[in-house]
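Colleague: Before we go through this model together, could you take me through its helices and their packing, one step at a time?

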Amino acid sequence: MTSQVEVQAKPHNVKEVVALLAEQFPLCFSLTGPAKPLKVGIFQDLAEKLQENPLISKTMLRQALRVYTSSWRYLEAVKEGVCRVDLDGIDGAVIDASQAEHAAATLSESKTKAQEARKARQAAERAKAKAAAIAAGTAAPAKAAGEGKPAKPAYKKTERKSDGRVAKAANLTSKPVAEPVKAPAVELKAMEEGQLVVGGKVLVKFGASPIAATVVELAKQDVIVQLASGMIVKTQRGSLFQA
């Protein structure tokens, strides 16, 4: 009798892997509607459950988790007070304020990048259409905004005092610039030999601020960690510090 693994088609991309996870673990993963925050360490649970399945490698599984946990639908579900779930849909740890704030910041940044990319595509399409129209002789090249117009002088505001003297002029174009508020520097301690283990708590250096994470897999110089928001990230050992 042909086994279930033999009749299944091997997934060809990340979307197909996510669909397979939603099919096998419907109480944990979903393709539509509200998502459920995943428990920290869900990668190890999946790897153990699927170790006998030759259709899904750890690399494909890791990529699928990264895509799933970075989706807008998932990030919107990571809110303070909501419980994370395991593969059977059983509630576990509760999401705290810092984890919810990190998910909200990641979601905002992702939406901003998507909006900028959409504007860039629209601008490129307009430029392409304009160039095609000019080449066809159906439109004349338009002048750039402000081209050919005399520059307006920068007027200064003056004030006349009661004795007829003119007070010192104030340039209307100048605005006071607020000094940037610098965040206090966080002293990071490098990981010592033997401290970097699967399941260990670490800090990941992303930009200027370190982020709390849990080690889920060690692979030579690369380390796979799960951020507080649930997102799976690959980084290098040199980017990890003591929590």
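Modeller: Helices here are DSSP runs of H or I with at least four residues, numbered from the N terminus. Please keep in mind that this is a predicted model.

Colleague: In which helix does Arg62 lie, and is Arg62 buried or exposed?
Modeller: Arg62 belongs to helix H4. Its relative accessible area is 8%, and since buried means under 20%, Arg62 counts as buried.

Colleague: Leaving aside neighbours within four places in sequence, which residues is Arg62 in contact with?
Modeller: Contact is taken as heavy atoms within 4.5 Å. Once the neighbours within four places in sequence are set aside, the contacts of Arg62 are Phe43, Glu217, Ile224 and Ile232.

Colleague: How are helix H2 and helix H4 oriented where they pack?
Modeller: Helix H2 (residues 14-24) packs with helix H4 (residues 58-69) at an angle of about 85°, and their axes are 9 Å apart. Because angles of 65 to 115 degrees fall in that class, H2 and H4 are roughly perpendicular.

Colleague: Which residues of H4 are met by H2, and how many charged residues does the contact have?
Modeller: From H2, Val14, Val17, Val18 and Leu21 meet Met60, Leu61, Gln63, Ala64, Val67 and Tyr68 of H4. Sorted by class, the contact of H2 with H4 has 9 nonpolar residues and 1 polar residue, while the number of charged residues is none.

Colleague: What distance does helix H6 reach from its first C-alpha to its last?
Modeller: Helix H6 (residues 97-136) has 40 residues, for which 58 Å is expected at 1.5 Å a residue.

How values were computed. Residues numbered from 1 in each chain as written. Predicted model: local features only at pLDDT ≥ 70, side-chain atom pairs only at ≥ 80, totals over all residues. Heavy atoms only, no water. Axes fitted to C-alpha atoms, helices over the stretch in contact; angles between N-to-C directions. Helix = DSSP H or I, 4+ residues; strand = E, 2+ residues; numbered from the N terminus. Parallel < 35°, antiparallel > 145°, perpendicular 65-115°, else oblique. Nonpolar A, V, L, I, M, F, W, Y, C, P; charged D, E, K, R; others polar. Expected span 1.5 Å × (residues − 1). Buried < 20%, exposed > 50% of the residue type's maximum accessible area, 1.4 Å probe, protein only.
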